[in-house]
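The following exercises are to be worked through with the sequence and the model in view. Each task is followed by a solution in steps.

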Amino acid sequence: MSIPTSHRRLVGLVAVLGLAAPSIPTLSMAQAVSYTKVAKQAPLLQPWSGPHGGVPAFDQVKVADFKPALEAAMAENLAEINAIAANKQSPTFENTIVALERSGRALDRVQAVYGVWSSTLNDAAFSGVQTEMAPKMAAFGDQITQNTALFKRIEAVYTSPEMKKLTPEQQRLVEVDYKQFVRAGARLDAPAKARLSQINQQLAGLFTKFSQNVLADEADSVLVLKTEQDLSGLPTSLRDAAKAAADTRKLAAAGVITNTRSSIDPFLTYSDQRPLREKAWRLFTNRGDNGGAHDNNALITQILQLRAERAKLLGYPTHAHLRLDNTMAKTPEAAMQLMEQVWKPAVARVHEEVADMQALAKKEGAPASFKIEPWDYRYYAEKVRKARYDLDQNEVKQYLQLDKMREGMFWVAGELFNFNFVPVTDVPVYHPDVRVWQVNDKTTGKQVGLWYFDPYARPGKKSGAWMNAYRKQERLDGQPVTTIVSNNSNFVKGKEGEPVLISWTDATTLFHEFGHALHGLSSNVTYPTLSGTSVVRDYVEFPSQLLENWLSTPEVLSRFALHYQTGKPIPQALVDRISKASTFNEGFETTEFLASALIDMKLHLAGDQKIDPDTFERETLASLGMPSELVMRHRTPQFNHVFSSDGYSAGYYSYLWSVVLAADAFSAFTEAGGPYDKDMAARLRQNVFTVGNTVDPAAGYRAFRGRDPKIDALMKQRGFPMTATKAGAPAPAKKPVGKAQPAKTTKRK
Ligand SMILES: [Zn+2]
């Protein structure tokens, strides 16, 4: 559901991962020069060559090359930065800001490939490299943002009379750079800078360890289904996948359920073996929380304390205030207000859902003492869905073939974005499962980019789904550079040669990630820093969540939701039932999400007190009135969004913030000519998808919608009543809290 934090090169580096860090010696100029000489020949450092404006040479990557290539690329970048900082001419937009945009090209390339290995091919050899390199990369990022001479030049441009003569996009770039440096500590004195850098390196180490621990718990522990009886209730596709997983592990068992969401959730939905459901649920919700070598609790305490200290150093009351400074919401209070507005109706709905499930269980002969437990929720919800809406997710699934759904997304992209997708085989891939498409403008035939698709789960690939940009769209030097983006998911690969059937939820996720891809592919800006998805955190999920809405349009379903055996389109009666059930189980969905989002925010509002994550989670949920029948979507010890980088820390709320915009934006289509209204699509492209971070997101949204967003469409979409309080938009707070912040908005996701 996320997009990685790899974007902005300078400070983006700070967010990259690593292990416990002693202080790292920084690069000297002499080293820099020698690295540059030595490593020029390494394949990872070469400019990308071949068709489509050059592509990553994934077929030439050796894990052992990452370290020397990263070091050489950092050295080269440092030499470039030092040259900019030491320029004798007075600072100008061209010789400072644009020069910065031009720097670090080799590092961008190495990091793009490094990111692919980190998220999808993370074996023992690679994780060793990652552990070593993460703190070094964090230190390197600080070396740039703490370069006083460089910051003085950026500041000089920011405050110069030249600023007013620049184009709006150029002005925004200057502002983005300036504020980024300030937020990274450029104004601090030398001792504070040194401490900040120490903190960043320590954090980088802790982040790496955190995500490696989660990955280890996912890989090491599986649920072994010993007998046929253990498979009871499971649909054929799940049985096949479980058998295949057992074969892969060379286990003489009836099946294996791997410890990832894409396997566990369906098992919890269908297995009628309650003790096994409990086992599966515990396996999954205890990731990172099992004591021993892979336990994350102590790491979390350290991460929170370091973040609190860093926020104070930078002049913010808490990490939440620091992080929210650079968002649409602007303050933790504004984000909390939105979450609290939705929390109560969501919890009230959970109680209704539980009552329905209890009643059904009783009807089926459960004893009077029977109580829905968290491992029962999905199972009984599915039964209620069937009973009330005559809707069987397995029936729906037979119409959702992965390949057809992908074609459906392409079709939507053709209608709304005028894109055409053509499969290509002339580029190297890093795994045989990966396929690549060339994306062209339908009218001009011009290539706008490449789309890589890596659909299946495998060992070493992190769970979930995400989008990534290997290369950003830009035209810094006049010549258009087309983007290269990828979508990644963890579908369970079925039997050889048979279509992969996916759930409605999975199909929604597919459209979601494709929305991020379209955001990247639509980008039409000059400067790479402002390109594509490089927008603020709580805006970046808006285009992706918006696109989810097109899955359920009749145009997509009638053409692409085709039965995997008969090829017949999904019957209208079934579509009607899907539509009637659209708000079903929203209590569960919204509450499990909000519980995570609230815990994230409260952890980061707690300041520098020493937090025991287990106690904090338990007590906070109790005080919120969290229903006992379900659990946070991501419990604290496995909350990768928040603890595997600074990425979504104090930022998990962003999905809710963005979905308010998404629901409101989709209602603009339905109020006009419908989901495929050409004028509305044009407005959306012009004001949202093409502009990257060249405009203030609130202004961009207003230009598209003709007004500020309102929460009404979201509440309606989820079937929640509007609360008595004035249900406004997620209105940005008037004044940012903290002192290092300047007023307006800014950048970086
Ligand atoms: Zn997303």
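**Exercise 1. Characterise the salt bridge between Asp376 and Arg274.**

Step 1. The side chains of Asp376 and Arg274 form a salt bridge, with an N to O distance of 2.5 Å. A salt bridge here is a side-chain nitrogen of Lys or Arg within 4 Å of a carboxyl oxygen of Asp or Glu.

Step 2. Asp376 lies in the loop between α16 (332-363) and α17 (377-389), and Arg274 lies in helix α13 (residues 274-285); the pair is 102 residues apart and links distant parts of the chain. Helices (H or I, at least four residues) and strands (E, at least two) are DSSP runs, numbered from the N terminus.

Step 3. Compare the surroundings. Asp376 is buried, with a relative accessible area of 0%, whereas Arg274 is partly exposed at 31%. Buried means under 20% relative accessible area, exposed over 50%, and partly exposed in between (1.4 Å probe, protein chains only).

Step 4. Note the basis of these values. This is a predicted model, in which local features need pLDDT of at least 70 and side-chain atom pairs count only at pLDDT 80 or more, while totals for chains, interfaces and linings use all residues. Residues are numbered from 1 along each chain as its sequence is written, and side-chain values use heavy atoms, with hydrogens and water left out.

**Exercise 2. Describe the salt bridge of Glu407 with Lys404, then that of Arg635 with Glu617.**

Step 1. In the bridge between Glu407 and Lys404, the closest N and O atoms are 3.7 Å apart.

Step 2. Glu407 and Lys404 are separated by about one helical turn, because they stand three residues apart in helix α19 (residues 402-417). An α-helix has 3.6 residues a turn, so residues three or four places apart point the same way.

Step 3. Glu407 is partly exposed, with a relative accessible area of 32%. Lys404 is also partly exposed, at 25% relative accessibility.

Step 4. Turn to the second bridge: the side chains of Arg635 and Glu617 meet at 2.7 Å, N to O. Arg635 is in the loop between α25 (613-624) and α26 (640-643), and Glu617 is in helix α25, 18 residues apart, so that the pair links distant parts of the chain.

Step 5. Arg635 counts as buried at 9% relative accessibility, and Glu617 counts as buried at 7%.

**Exercise 3. Which residues of helix α12 are buried, and what covers them?**

Step 1. Helix α12 (residues 261-270) is mostly covered, with nine of its 10 residues buried.

Step 2. The buried residues of α12 are Arg261, Ser263, Ile264, Asp265, Pro266, Phe267, Leu268, Thr269 and Tyr270.

Step 3. Their cover includes β1 (223-225), α11 (236-248), β2 (255-257), α13, α17 and α18 (393-397).

**Exercise 4. Locate Lys250 and Lys330, and state the phi value of Lys250 and of Lys330.**

Step 1. Lys250 lies in the loop between α11 and β2. Its phi is near 55 degrees, a positive value in a residue other than glycine.

Step 2. Lys330 is in the loop between α15 (319-324) and α16. The phi of Lys330 is near 75 degrees, again positive in a residue other than glycine.

Step 3. Most residues other than glycine have a negative phi.

Step 4. Lys250 is exposed, at 74% relative accessibility, whereas Lys330 is buried, with a relative accessible area of 11%.

Step 5. Ala252 also sits in the loop between α11 and β2, and at 89% relative accessibility Ala252 counts as exposed. Ala252 and Val224 are 28 residues apart in sequence and 9.6 Å apart in space, C-alpha to C-alpha.

**Exercise 5. Summarise the whole protein: how many helices and strands does it contain, and how many salt bridges does it hold?**

Step 1. The protein has 30 helices and seven strands. Its radius of gyration is 25 Å, close to the 27 Å that the globule rule gives for 749 residues, so the protein is as compact as a globular protein of that length. The radius is taken over C-alpha atoms, and the globule rule is 2.2 Å times the number of residues to the power 0.38.

Step 2. Of the 749 residues, 63% count as buried.

Step 3. The structure holds 41 salt bridges.

How values were computed
Contact = heavy atoms within 4.5 Å.
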